[in-house]
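Open the model in your viewer and keep the selection tool at hand. The stops below are meant to be taken in order.

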Amino acid sequence: MALLNNEDRRDIWRDFMRSISKRREPIGDITKQQLRELVDAADQWVNDNASSYNFALPLPPRNALSAKQKAEMLMFIVHRRFERA
Amino acid sequence: MSAGQSLFYLYSQRAAFPQHSDSAYLSRRVINLTARQPNIIIFEGVSVPASNQWVYFEGVIPQSYSNNGLDVYIYWTTTVVSAANIICGVAFERIDSTLEIDTDSFAAAKTVTDSGSGGGSDTLLIAIISFNHSEIDGLVAGDTFRMKFYRDTDDAGDTLIGELELHLIEIREST
């Protein structure tokens with residue numbers, strides 16, 4: 001899967017701000033520009049490590065599932081880990 | 001003479017929202033645990049699509065105004081306390097019998113940079129923009145006007161991650 005485009009990254013940037021604003025949660029003295037750099041870096045990391053994730057999967061599902069299905073699985077796991085944190 | 005005196009207040013619930021106001025919106029939000037529920041206008045840290053977020057107010061300049069200029073007091077809170085800054089701007093437009101009111105003719109906007117670190121969470125902050133008499137589009141006592149308020153989200157100096165919550169605006173006559 002390709003890197004997200006600028007519009008998608010901007011949406012995530014906004015949605016994250018909405019989320020912490022709704023919780024009125026401290027986030028330290030970082031700027032919103034630094035937060036945008038975080039979005040860019042996280043997306044780049046996912047892109048750079050997609051192959052590593054794929055090769056960590058057991059062979060039958062690795063071959064059977066589409067790239068989108070494997071990404072969805074990863075999304076569910078990360079989301080559940082976020083909820084448990 | 002009203003130099004230094006409060007002329008009038010512009011309350012959030014009286015604001016008009018342009019259709020393309022992006023993510024500025026009116027909210028009745030509980031901001032602390034004392035059951036206080038003010039009407040506030042939310043200006044997010046990023047606009048999608050990219051542009052500023054603004055709202056309009058209308059009013060009439062009081063008869064007591066004596067051409068000393070206006071000081072605009074902006075009462076705001078933020079959702080995320082931080083030392084980062086917001087930049088917001090104000091512009092005035094005089095409405096007279098010859099003005100086509102469906103076309104903007106605002107005088108040049110003036111901006112202010114204010115920090116979100118004025119205290120603990122939900123502490124009311126005050127930013128002030130001063131206009132001299134020539135900067136308010138020729139407004140005199142009795143004139144009808146529109147005032148535009150916006151958060152300049154695309155300015156590199158607007159660094160606050162949290163939302164700007166606009167409570168009200170007080171207009172004083174300059175001294």
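Predicted model: local features only at pLDDT ≥ 70, side-chain atom pairs only at ≥ 80, totals over all residues.

Residues are numbered from 1 along each chain as written, chains are lettered from A and ligands numbered from 1 in written order, and side-chain values use heavy atoms, without hydrogens and water.

**Stop 1: aromatic pairs.** Rings of Phe, Tyr and Trp (its six-membered ring) pair if their centres lie within 6.5 Å; planes under 30 degrees apart are stacked, over 60 edge-to-face, and the rest tilted. Six such pairs are found over all chains. Select B:Phe43 and B:Phe149: their ring centres are 5.3 Å apart and their planes at 70°, so they are edge-to-face. B:Phe43 is in strand S3 (residues 39-43) and B:Phe149 in strand S9 (residues 144-151) of chain B, 106 residues apart. Strands (E, at least two residues) and helices (H or I, at least four) are DSSP runs numbered from the N terminus.

Next select B:Phe92 and B:Phe131, another edge-to-face pair, with 5.1 Å between centres and 85° between planes. B:Phe92 lies in strand S6 (residues 85-95) and B:Phe131 in strand S8 (residues 125-131) of chain B, so this pair ties together parts 39 residues apart in sequence.

Stop 2: Is B:Phe92 buried or exposed? Its relative accessibility is 0%, so B:Phe92 is buried (buried is under 20% relative accessible area, exposed over 50%, partly exposed in between; 1.4 Å probe, protein chains only).

**Stop 3: a charge over a ring.** Select B:Arg172 and B:Tyr73: the charged end of B:Arg172 sits over the ring, 3.8 Å from its centre (NZ of Lys or CZ of Arg within 6 Å of the ring centre and within 35 degrees of the ring normal).

**Stop 4: a helix.** Move to helix H1 (residues 6-23) of chain A, which has 18 residues. Its buried residues include A:Trp13 and A:Met17. On the face turned away from the buried side, select the exposed residues A:Glu7 and A:Lys22. Finally, select helix H2 (32-48) of chain A, against which the buried residues of H1(A) pack.

Conventions: Expected span 1.5 Å × (residues − 1). Contact = heavy atoms within 4.5 Å.
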